[in-house]
Each structure stands twice: as structure tokens, then as C-alpha cells.
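Trainee: Hi! Could you walk me through this one while I have it open?

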Amino acid sequence: MGAYILKRLISAIPVLLGITVIVFLIMAMIPGDPATAILGSYATPDNVEKLNRDLGLDKPLVQRYFIWLGNMLTGDFGRSFSLNRPVLDEILDRFQATLILAGVSFVLCSILGILAGVVSAARQYGFADKAITFTVLIGISIPSFFLGMMMILLFAVNLRWLPVSGMYAIYGGGDLPDLINHLIMPALALAAVATGVIARLSRSAMLEVLRQDFIRTARAKGVPERRVIYGHALRAAMVSIIPVLGIQAGFVLSGAVYIEMVFQWPGIGRMLVDAILKRDILLVQGGVVFVAAAYVMFNIAVDVAQSVLDPRIKT
Amino acid sequence: MSLFTLTRRTLMAAATSMLALGAVSAPLLAQTPPGVLIVGQIAEPKALDPAAVTAVNDFRILVNLYEGLVRYKPGTLEVEPQLATSWEISEDGTEYTFTLREGVTFHDGTPFDAAAVKFNFDRMLDESHPFHDTGPFPLAFFFSSVESTEVVDDLTVKFTLNAPYAPFLSNLAYPTGLLVSPAAVEANGADFGRSPVGTGPFKFAEWRSNEAVVIEKNADYWGDPAGTDAVVFRPITDANTRVAEMLAGGIDMMVEVPPTALSQFQGDDFTVVEQAGPHVWFLILNAKEGPFADKKVRQAANYAINKEAIVNDVLEGTADVAAGPTPPAFAWAYNEALDPYPYDPEKAKALLAEAGAEGADLTFFVTEGGSGMLDPISMGTAIQADLAAVGLDVKIETYEWNTFLGEVNPGLEGKADMAEMAWMTNDPDTLPYLALRTDAWPDKGGFNSGYYSNPEVDALLEEARTATDQTKRAELYQKMQEIVQEDAPWVFVANWKQNAVTSDRVENFELEPSFLLQLSSVVKN
């Protein structure tokens, strides 16, 4: 197992190097340069040239890439010029916020999705199945940013139950209940689509397992139905549900970009959108590499979990 | 075989979780505290170092923390004393000597004196200054005419310019001219922008990244003390979310309300404030080649476009129709005699026929957004329809803002016949000097992307720059506006009125024509 993990980690290195090259080239090729973005109306060629020199953007492309890569390997991601602070500090702050949001959403959609799928499968074609299938389809079909805006209108503006946006209250907040208050709407809006997908796939996985011989045997032995479903069938179905969870985790992470914009959550998705619009090259590059690395690590973790769960999958 | 039996235990669990949720939600109903003003901003500030930033969004915070030698007189764009009590300008217009206010200290307790003024300008302008590396200072060129800054005595400072430059005073009043504490720059270096120290009515309290910048009342302020204990600036980049926060009571004030959201704020709970600013929205016409090389066709475009409809229907009354290149907010330099080109499609058709340009094909660069661009896509399509009505076939090409600037700033030659543009400036000199002179064509480093050229306009602008007498300057600018309106190098479309909304708990709030946000006299109940 240790060797397997090590092998996977080593194979991730070329992937990450490739990502650094791609993101660097994209940022170099997109039209519009940071100096123009900073200077706005005052971007005369003279001013742009001087500012580019001050920002160190006048060096040849290849040289700039290796300077950036070299610095990054020593933990120096450079300084963001749109925020005037070290890129890594900003990324770590922001990534923490995104992890909280995406993590809670992921737990929500996993639990709700699997539960809905299991109940549907156990009551195939019954009322519960139909009601859940209907709700799930709505969840899958509504774009998450629209759902988010509607939730704000209803729960924050009209009913005033929950705060509109942000992560903590400006005054008198900062504790866990305050965080939960701010988290309820964005986490639910972000979880909606993934819950639907997981529910649909859990349902079919469960239905397949429930038709198998060992379930009939369990029932024949007189095992209580609840234990048949949650003990025997769900455990077997998890082998096909877990990879779906892994994929959905990626979707939740990328879906966080819209949700962070709508709810002004101070996460890494919103940071990247702002950074791209301001042509904050180092912040975009650092952010993308960081997120990509996190995603690669997560995939490795999912694969490892799967091989632990199902020994038939060769390591 | 029930999966969810309604037992007493599940009921208890459900009730407990409902209670827990209720307890969590309870403190939410609390309003924002009295004495603390919470402002919804459009973005996270870059830094709170006046020399290092360029965005109005950042300036709105800075003018409450810092002061300059001079400032804009409230409600106008005229210059009046602030940290300087008076000044003298030499005969030839190259020496400005300021007498400084006595007994002013920075928030860190260090005295404000002539040496501090010299430090500020040397830091920005002198590449060998030990703290020049705390930049870059993108707008330092505002003071590029300054050759030297001299300490005459503790309370007297003298600037020597390399040539007479009339906009110098209004550039000093611009946020780039706000003065920082030298001791704080020495202590914090490049991080000064995150722990700012000035002389203003508020001092810096804390900056929580992406959540809030908090400033507090400065108890030792030399002037009238601030009306609130603290001001909190919250960055809320999404306009819809900003509106929702305002409606829900999460903020007390918001700036840049989207025109379509204004109707939500009618009624007694909110006050909408408006103020025309030094802004002009126009179309650059390519006067070098194609149909717009003919003045008649350029005038025809001005007649053909229904500016009233754009201002009232597309922008919902958040702008006025522009008459010429200078916005009316520069009251002293504005030519009151100018009337906007009326909407007259028949006259436009006649002019097009005279010029033989009926049915011409035109390429039109439109941006998706950008500073001061208002609602560029809707405005662009309205303009396209108006021009189609007089027989011009306009093809729109849309670009993201930074890409758009990269296309338009180097000049329209060979690419397009017209392009959208908007400017906000602090002096009537800036825009025409950078965008209408022959020496401001793109190949000479200016923004005259439509290649307009009129020697008379060039001469007037050069002369106005060196005249230190304001009445004389005003005359020159008014003459320039007349000629430029007649020559029609642009289609003059709109002057934006900035707006803001406050809740009924906020008093004494006014918007300034400078687009800055002066909050020291505001009271929050």
C-alpha cells in the first residue's frame, strides 16, 4: 500500500509541471496586460512600459517561467500586485474559506444524496421514490447561482432569517454559530446539484445490489430489513458510489466559483475570478497550481480509499 | 419494514435540532450598531497607500484617512486649502510655495511638517529615494513636472516645476497627492499599504482580508471631529448581492447602485443621493480613414443617435446627455452656451447624402464592462439601431475590458470606425490634452485613438496648460469645446451621475463631484 501511494505521488509530478506550463502560457497569451489593467485610463505606452519594468514583466518569457517555477519550489509564490501582499498568504486564507464551504457542501450532498438514493431504491416506484426523484430532478436542473439568488431573496431579504453574504458578521461575530449562520445558504445551494447526481447514482447502485443472491439469502435468514439495507446492501453498493463521490467533490470545488460570487464568500474561486479580470498574473498562476495540486491529491486519496474498500482493485 | 419510524426518540431529535437552529439564528435580527457606518464597496481595496493605488474604490477609503496640501471644495471641483493654509505661485508659474498648517500630527504622533511633504514627493518621484521601492507608483506622472521639492523652513515647502503646469493644484487635490506619515513608511516598508497612517479625521483600525476595512474616529483631529465612531468598508463585488445586503439591512450605505435596482429603494426607508461627476461617455470616431474621415459624416452620427433615449431608457436616468468633450461638473471651465446635438435623423440622412456616405459599412468596438463604461453592451446596441435607422450598417465587435483597451488604445486605424470610451478626470486639462491633440496620437504616446487633428485646438490646449490665471484658462477651454463640438471627432453621449443609497439611519451624507466619499460629517443613528 505504501509503495502504491508513493508511486501515485511520483506520477503526479509531471501532471503538476504540465499545469504550470499551461497556466503560465495562457496568462502570457491572453490579451490585455497587468499594467494596462492597473493604469486604466492613464495607460499611455510610456506609463505601461515603466510599470511593466517595475513589475518585472519586461524579461523574456522563458526566463520569467523559470524564475517563477524556481521561486515557487522554494515556497515563494511572489507578490500579488492587485492585492499588494504575498500570493501564498492570500491563497492559504482563501483556500481555507473554500475548504469550509466545499467541505460542508460535500458532506451534505454525500449524506443527503446517499440517503435519498437508498430510500428511493428500497421503495422502488413507491410514493417516497417518486417524491425524491422529482425533488432530485429539480435540484439537478436549477443552476446553482440562480438557486442562490432566490434563496437570498427569500431567506435574507424577505424573511430576514439568515445573513445575505460574507463568512462572518462584521460586528459581534466570528464564532462558530456565526459561521454556521453564514454557511447555511451557500452550502445548500452548492450541494443541490451534486446531491441530485449522487441520489440518482446511489439509487441505481442499490437497485442492482438488492437483486443479488446474497441479499435474498440475508432476507431468508430473517435479518431485519433495516440491516439488510444499511448493513449488507449499502456496503456493497458503496464500491460503485465512492468513485462518483470523488468526481462530485471536483464539481463541488469548481461550482464554488459561482456560489462564492453570489454569496461573496471569501474563497479561492472568487479570488481567481477577480485576479483574472485584473490580470494579476502571479495570483492566477499560483491559485490555479494550488487548486490543481489539491485536486490531484484528492483523487489519489479517493483511489486509495477505493482499494481499501474493495481488495479486488489491484494496487 | 419501515425505514423511518416515528418514534419518540426521532421526534425528540427533530425538536432539539430545530431549537438549536433557532438559537443560532436569533442574533441575526440585530441591526448594525449605532455610531458605526457600514459601507458596501464594489471591490476589495488593493492597498491603502495613496501613492500606490489607482482605483476610485480605494480612493473612497483613503480620503477619510489622509489629507493633502489642498482639497476639492465640498460640492465643487475647485481647489481650497487643507494641510496647507495658503500658497504663492511665482510670476512664471514654475514655483509653488506652500505655508503649512501648524500643530497637525499624523495618527502615529509624528509631526506633520515640510520635511514630511518632501519625503512624500521624493518617495514617488526620485528613483534613488530609499523608499522608492515601496511602489510602484502608477500615477506618479501626475507630478512629473515637479523638478524638486524643498524644505524652506518647518512650515514652508517649495515645489519647482520644469515648466508652467496649471493643473498642478488640482493634481495635488487628487488622492495621489494625499500625504502619508514618513515614520510609518520607514517602519513598515512595502507593507505600509496594509497599515496606513495619515492625518485625517479617521485613523486605521483593522483590515480583515476580503471581509472589511475598519477605520475609527481620530480623537486628536485638528479640525471638526468625525460624526461617527467608526466606518466599516465591506467589499461586495456582485451588484445584486450588494443590493440584497442593502435591502436586508446588512449595510447602511452603498455606492454605484445599478440603474435597474434604483426602483427598489423608493420609499421612506432609504434615501437615494445623486451627483454629476467629471465623467464623459463618448464614441471615438476614426477620422483618419473610412466614412468618418469626413466631418459631415461625424456630425451625422451625432444627429442620428438618440442620446435622450439612451440616458433615460437604457441608463434609467442615471446620466445626462453630454454636449461636448468637457463635463459640466467642471463648472468653472464648462461652456454653458453649448447645446447637445439634437436627435434629428432627417438632418443626419441629409448630411450623409451630401457626403455620399449613404449605406456605409462600419465596424464598432464595444466593451463588455470597465471603469465608467456604464452599460456598454445595451448602449452599443441602441447606438447600432439608431445608426441603422439612417442607413448605416454597423457591425459590433465585443471585447472584455482589458482586451478592449489593448485594441483601442493603440489606435483604430485598419481595425474599426468607432469605439466606445469613457473617462473620469480631475482637471479639465486631462482628457482633451491626452485624447484630442495632434501630439496625442497613439504613435506619440497619447490616447487620440481616432486621429483627430486641429492645430487651433492644439494651440488652445497648450496655452491653457501654462496659464496660471483661472479665468484665462476657463476662456481657453470654452473656446476649445466650441471647436471640438463642431468638428465632432467623437459622438458625445452621456455624463454619468454617480449615485448612492443610504438607510434612514444615516444623516448629513452628500456625494462629491470628485467621486470621492467624504464621510467625516456623516452621522449614523
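Mentor: This is a predicted model. In chain B there is an open sheet of 4 strands in the order E4-E5-E7-E6, with antiparallel pairing.
Trainee: Which are the edge strands?
Mentor: E4 and strand E6 (146–153) of chain B, each of which pairs on one side only. From one strand to the next, the twist averages 20°.
Trainee: How many bridges join E4(B) to E5(B)?
Mentor: There are 5 bridges between strand E4 (residues 84–89) of chain B and E5(B), and the two run antiparallel.
Trainee: Which helix lies across E5, E6 and E7 of chain B?
Mentor: Helix H3 (residues 114–125) of chain B. Its direction is at about 165° to E6(B).
Trainee: I clicked on Tyr96(B). Where is its place?
Mentor: Tyr96(B) belongs to strand E5 (residues 95–100) of chain B.
Trainee: Is Tyr96(B) buried or exposed, and why?
Mentor: Tyr96(B) counts as buried because it has 23 C-beta neighbours inside 10 Å, and the cut-off for buried is 20 or more.
Trainee: What does Tyr96(B) touch?
Mentor: Leaving out residues up to four places away in sequence, Tyr96(B) touches Trp87(B), Ile89(B), Phe159(B) and Phe168(B). For a sense of scale, Tyr96(B) and Gly370(B) are 37 Å apart in space, C-alpha to C-alpha, and 274 residues apart in sequence.
Trainee: New topic: the nonpolar core. How many residues has the largest one?
Mentor: It has 225 residues, and Phe282(B) and Ala494(B) have the most contacts inside it. H8(A) gives the largest share of this core, 16 residues.
Trainee: Which residues does Ala494(B) touch?
Mentor: Not counting residues up to four places away in sequence, its contacts include Trp281(B), Lys307(B), Ile310(B), Val311(B) and Leu315(B). Ala319(B), Asp320(B), Val321(B) and Ala322(B) are touched by Ala494(B) too.
Trainee: What about a second core?
Mentor: A separate core has 13 residues, among them Ile91(A), Ile268(A), Ala275(A) and Leu282(A).
Trainee: Now chain A itself. How many helices and strands does chain A have?
Mentor: Chain A has 12 helices and 2 strands. Reading from the N terminus, the order is α-α-α-α-β-β-α-α-α-α-α-α-α-α.
Trainee: And what box do its C-alpha atoms fill?
Mentor: For chain A, roughly 85 × 55 × 35 Å along the principal axes. Chain A has 315 residues, and 40% of them count as buried.
Trainee: Last topic: how many residues of chain A are in contact with chain B?
Mentor: In chain A, 50 residues are in contact with 45 residues of chain B. Several helices of chain A each supply at least two residues of that side, including helix H2 (34–39), helix H5 (87–122) and helix H10 (225–262). The largest share, 5 residues, comes from H3(A).
Trainee: How do the residues on that side of chain A divide into nonpolar, polar and charged?
Mentor: The side of chain A that touches chain B has 29 nonpolar, 12 polar and 9 charged residues.
Trainee: Thanks, that helps!

Technical notes:
Residues are numbered from 1 along each chain as its sequence is written. Chains are lettered from A and ligands numbered from 1 in the order in which they are written. This is a predicted model: local features need pLDDT of at least 70, side-chain atom pairs count only at pLDDT 80 or more; totals for chains, interfaces and linings use all residues. Two residues are in contact if their C-beta atoms, placed from the backbone, lie within 7 Å. Ala, Val, Leu, Ile, Met, Phe, Trp, Tyr, Cys and Pro count as nonpolar, Asp, Glu, Lys and Arg as charged, and the others, Gly among them, as polar. A nonpolar core is a set of buried Ala, Val, Leu, Ile, Met, Phe, Trp, Tyr and Cys residues joined through C-beta atoms within 7 Å. A residue is buried if 20 or more other C-beta atoms lie within 10 Å of its own, exposed if 12 or fewer, and partly exposed in between; C-beta atoms are placed from the backbone. Two strands pair if DSSP finds at least two bridges between them. Axes are lines fitted to C-alpha atoms, for helices over the stretch in contact, and angles run from 0 to 180 degrees between N-to-C directions.
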